[in-house]
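My entries follow in the order I made them.

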Amino acid sequence: MKNAAAKWLVLVFAAALVFAPGRSALADPIIIKFSHVVSPDVQLLAPSISKFGPLGVKEFDVFDLPFLMSDDTHARQMMASPMMSELNKKLEDKGVEPLAYWDNGAHVYTANVPLTMPDDFRGLKMRIQGSKVLDAVARQLGAIPQIIAFGELYPALQTGVVDGEDNVPSNIWTQKFYDVQKYLTVSYHGRLTYSLITNKKFWDGLPADVRPGLDRAVKEATQFFNDTAAKDNADALDQIKASGKVQMHVLTDTEKQAWITKLMPVHKEMQSRFGKEFIERVYKESGFVPPQS
C-alpha cells in the first residue's frame, strides 16, 4: 500500500516540477529521493509514527493507546486537529518536516486460540512493536510481550516463538499470516499511521514556484493512500475469511466494552508519562470517550 502511494506521489511530484509556472525546461533539475530507509539526508520518507518516540518526540507514543482511534473518522479527525500542529513543531525542532499523515487502518488480532474476552490473552506470547504503551497493553491483558521485527514475524508464528500478533488486515493477507494462525478477531483496537516527512532544510529551500504543485501532490497522494488502504483492508478481511484457514470473530459491543474497561488502566498509567492534561486533550481531539467508572 505504501509503495503504491509513493509511486503516485513521485509521478505527481515529477509533473509539478516539470510544469511549474515560469519554470524553464532548461532549469537545473530538482531531484527528490523517496526512501524506505532512514538516512539523515533523505528528502522524503514515510515511517510509522511510532518511530518518532526513538527520535526524541515521545508524545507520538500516545497514539498506541488502545481504542483511542478505532475507526477511520476519528483517526483522520485526530490527525487533522490543531493539536497535531503542536506535535509537528516538536518534529520540526528535530529538523523533520511532516507533510501529511497516511492512515493505513485499524489493527485486528490473530492467534492460535480464540480471542473474545480479555482473559483469553492470559499466558500467550504476543508479538508487539517496540513501544512502552504496547508493552503495557500486552501485560495488562496478561500476555507476554515479545518484540519481533515485522520481517521475522511469519517464521516466529510458524514455529510457535509467539502465539499471536496484531496488524492491519492488508498486512495479514499479503504476508500470509493467516496461513500460520487459526483465529482472527476483528477488534480494531489500534491504528497504523504513517507520516510523510521530509528534511526541513531541504523543503524550505525549494524554489517558490514549485511549492504549490508539490503541496497539491502531497494532498492527492494522501487521499489516494487513505482511500486505497480502506478498500484494501476491507477486501483483505473478505479474502482471509474466504480462504477458510482461520475462524473470524467480530467483537460485539459488549465484548468491546469489556476490552476497553480492561485496558483503561494503561491509559491511566500513561498519564504519568505524558501528563493528564495532554491525554485529555488527545481524547477531545480524537473523540475518544473513556468509560465512566
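I looked up Asp-135 first: Asp-135 is partly exposed, at a relative accessible area of 25% (buried is under 20%, exposed over 50%, partly exposed in between, with a 1.4 Å probe and protein chains only). The model is predicted, so I note that local features need pLDDT of at least 70 and side-chain atom pairs pLDDT 80 or more, while totals for chains, interfaces and linings use all residues. Residues are numbered from 1 along each chain as its sequence is written, and side-chain values use heavy atoms, with hydrogens and water left out.

The side chain of Asp-135 meets that of Arg-139 in a salt bridge, 2.8 Å from N to O (a side-chain nitrogen of Lys or Arg within 4 Å of a carboxyl oxygen of Asp or Glu). Both residues lie in helix H5 (residues 132-140), 4 residues apart, about one turn of the helix. Helices (H or I, at least four residues) and strands (E, at least two) are DSSP runs, numbered from the N terminus. Arg-139 is exposed, at 53%.

I then went to Lys-200, which is partly exposed at 25%. Lys-200 forms a salt bridge with Asp-204, with the closest N and O atoms 3.1 Å apart; both lie in helix H8, 4 residues apart. Asp-204 is partly exposed, at 45%. Lys-200 also meets Glu-97 in a salt bridge of 3.4 Å, N to O. That pair links distant parts of the chain, Glu-97 being in strand S3 and Lys-200 in helix H8 (residues 200-204), 103 residues apart. Glu-97 is buried, at 14%.

By the same rule I have a count of 14 salt bridges. Asp-72, Arg-76, Asp-103 and Arg-191 are linked in a network of them.

Next I checked helix H4 (residues 82-92), where the buried residues are Met-83, Met-84, Leu-87, Asn-88 and Leu-91. Seen down the axis of H4, these fall within an arc of 140 degrees, so they line one face of the helix (the arc is taken from the directions from the helix axis to the C-beta atoms).

Last, I looked at the lining of the second largest pocket. H3, H4, S3 and helix H9 (211-243) each supply at least two of its residues, and S3 gives the largest share, 6 residues. By class the lining has 9 nonpolar, 6 polar and 2 charged residues (Ala, Val, Leu, Ile, Met, Phe, Trp, Tyr, Cys and Pro count as nonpolar, Asp, Glu, Lys and Arg as charged, the others, Gly among them, as polar).
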